[in-house]
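Try each task on your own before you read the solution.

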Amino acid sequence: CVPESEEEMPVLFNEYCTTWGCPSEENIEAILAALAPFPIGYFMIDCGWYKPDDKGWLNAIGDWNQSRLLFPAGIARVVDKIRAAGMKAGVWFEFEVAGRDSECFERRDLLLTRDGFPLTSKNRRFLDLRKEEVKEYLSGKILAFLKDNRFEYIKIDYNDNIGIGCDSADGAAVGEGGRQIAEESVDYIARICETVPGMVVENCSSGGSRIEPYRMSKVSMCSFSDAHECPEIPLVAANVSRVVPARQSQIWAVLREKDSLSRVIYSLCAAFIGRVCLSGDVLNLPPEKIKCISDGLDFYREVKDIVRCGDISLIDCDVEYYRKPIGRQIYVKDFGNRRLVIVHRLEGRGDIAVCAKGYRLERAFTDLAYECKDGKFVVYDGGEYRAGAFLLVKEA
């Protein structure tokens with residue numbers, strides 16, 4: 001079931017690569033002001049909103065007490081500001097685990113075990129979602145929190161996994177215990193959506209192996225990768241598009257102060273392969289970057305239907321080694337009489353050509369030189385780490 005807000009595939013902003021785990025009322029207010037020129041639909045408060053005053057955020061997961069130092073008037077006031085800016089507010093949870101610096105880490109009555117010992121993966125232990133006391137604990141920490149603070153989006157992260165399985169009260173094999181926990185985890189998504197109707201759910205899993213078809217059928221979208229800022233982003237995004245529908249594939253465009261306009265275009269064009277999620281150094285953007293980002297998002301608005309409903313007709317990538325990519329990628333989607341062409345040039349030289357017989361160029365977002373004639377669309381050599389997105393339309 002897709003919430004109504006998802007039908008138009010709103011652009012997202014996630015503050016993680018802006019605040020790096022230290023969101024606060026003060027910096028979110030500044031970010032909202034910086035985002036005013038852009039058509040953003042969702043604003044995500046990522047990890048760190050629960051950080052204890054005397055500990056880091058990374059291993060403090062599990063207690064889920066909002067920081068009064070970061071949010072002195074409560075997180076609800078920040079949600080109100082996000083809503084006043086015309087966006088739906090989202091929040092990050094990794095609610096199935098407890099970090100070493102949390103009190104929950106020692107709550108053995110709530111934890112999964114294997115061979116009678118708390119199942120521990122370095123700095124994380126895992127909650128036994130089968131237990132009524134765990135469900136009651138999460139009702140207050142998660143469900144009531146979401147509803148009381150009027151959140152409309154939840155990012156569910158899961159950065160480790162329980163391995164081969166866990167103990168069960170009935171003595172079942174550990175693998176069966178693992179299956180039961182996986183089932184309970186998916187069922188909890190439904191419980192969240194019942195508590196807050198219309199909730200947008202993001203599936204995120206850097207280490208938990210959860211981007212799989214059944215779970216994806218229960219959520220609005222997923223974070224496609226943690227490859228947020230490296231040059232291989234478009235390559236990974238294109239590969240993921242073969243198995244995850246574009247409407248569900250959230251691709252980050254992280255903007256950095258040092259980025260050239262070419263790099264901004266490169267990042268945005270990668271995100272055009274799926275759902276655009278902005279992050280990064282958005283404070284004090286110069287006018288030329290504001291215009292570039294606005295032009296890119298305006299282009300994306302025009303081609304969203306192709307992104308969502310189109311058929312992939314070409315993924316042509318000649319890169320052999322992703323960690324030091326040399327070459328280029330051509331990504332083409334067709335929908336009705338319209339064609340979206342996205343090209344990324346990495347290291348290497350040469351023009352990029354695509355068959356365009358019967359098509360004319362309608363619109364472009366790029367700083368590269370290009371030409372469409374004689375049945376061929378050509379993007380000319382213009383240096384490394386540059387990109388472009390192009391809308392072609394069939395001639396009558």
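**Exercise 1. Find how much space lies in the largest pocket, and which residues lie nearest its centre.**

Solution. Keep in mind that this is a predicted model.
- Step 1: the volume. The largest pocket holds about 320 Å³ of space.
- Step 2: the classes. Sorting the lining gives 9 nonpolar, 5 polar and 7 charged residues.

**Exercise 2. Count the cavities of 30 Å³ or more, then describe the lining of the largest cavity.**

Solution. Empty space shows up when a probe the size of a water molecule is rolled over the atoms.
- Step 1: the count. There is 1 cavity of 30 Å³ or more.
- Step 2: the volume. About 40 Å³ of space lies in the largest cavity.
- Step 3: the lining. The residues around this cavity are E96, L112, F126, L127, L129, Y158, I162 and I181.
- Step 4: the classes. In this lining, 7 residues are nonpolar, none is polar and 1 is charged.

**Exercise 3. Decide how helices α2 and α3 are oriented: roughly parallel or oblique?**

Solution. 
- Step 1: locate them. Helix α2 covers residues 25–34 and helix α3 covers residues 75–84.
- Step 2: read the angle. Their axes come within 10 Å and cross at roughly 0 degrees.
- Step 3: apply the cut-off. Angles under 35 degrees count as roughly parallel, so α2 and α3 are roughly parallel to each other.
- Step 4: list the contact. From α2, the residues E25, I28, E29 and L32 meet R77, V78, K81 and I82 of α3. This contact has 4 nonpolar, no polar and 4 charged residues.

**Exercise 4. Work out how α4 and α5 are oriented and which residues make the contact.**

Solution. 
- Step 1: read the angle. The axes of α4 (residues 132–148) and α5 (residues 174–195) come within 10 Å, crossing at roughly 40 degrees.
- Step 2: find the hand. The crossing of α4 and α5 is right-handed.
- Step 3: list the contact. K135, L138, S139, L143, L146 and K147 come from α4, while E184, Y188, R191, I192 and T195 come from α5. By class, that is 5 nonpolar, 2 polar and 4 charged residues.

**Exercise 5. Describe the crossing of α8 and α9.**

Solution. 
- Step 1: read the angle. Helix α8 (residues 261–271) and helix α9 (residues 287–309) have axes that come within 10 Å and cross at roughly 25 degrees.
- Step 2: name the orientation. That makes α8 roughly parallel to α9.
- Step 3: find the hand. The α8 and α9 crossing is right-handed.
- Step 4: list the contact. L261, V264, I265 and L268 of α8 meet E288, K289, C292, I293 and G296 of α9. These residues divide into 6 nonpolar, 1 polar and 2 charged.

Notes
Residues numbered from 1 in each chain as written. Predicted model: local features only at pLDDT ≥ 70, side-chain atom pairs only at ≥ 80, totals over all residues. Heavy atoms only, no water. Axes fitted to C-alpha atoms, helices over the stretch in contact; angles between N-to-C directions. Helix = DSSP H or I, 4+ residues; strand = E, 2+ residues; numbered from the N terminus. Parallel < 35°, antiparallel > 145°, perpendicular 65-115°, else oblique. Left-handed = near helix turned anticlockwise from the far one by under 90°. Contact = heavy atoms within 4.5 Å. Nonpolar A, V, L, I, M, F, W, Y, C, P; charged D, E, K, R; others polar. 1 Å grid on protein atoms, 1.4 Å probe; cavity = no way out; pocket = protein on both sides within 12 Å on 5 of 7 lines; lining within 4 Å. Points joined across faces, edges and corners; volume = space filled by probe spheres on them.
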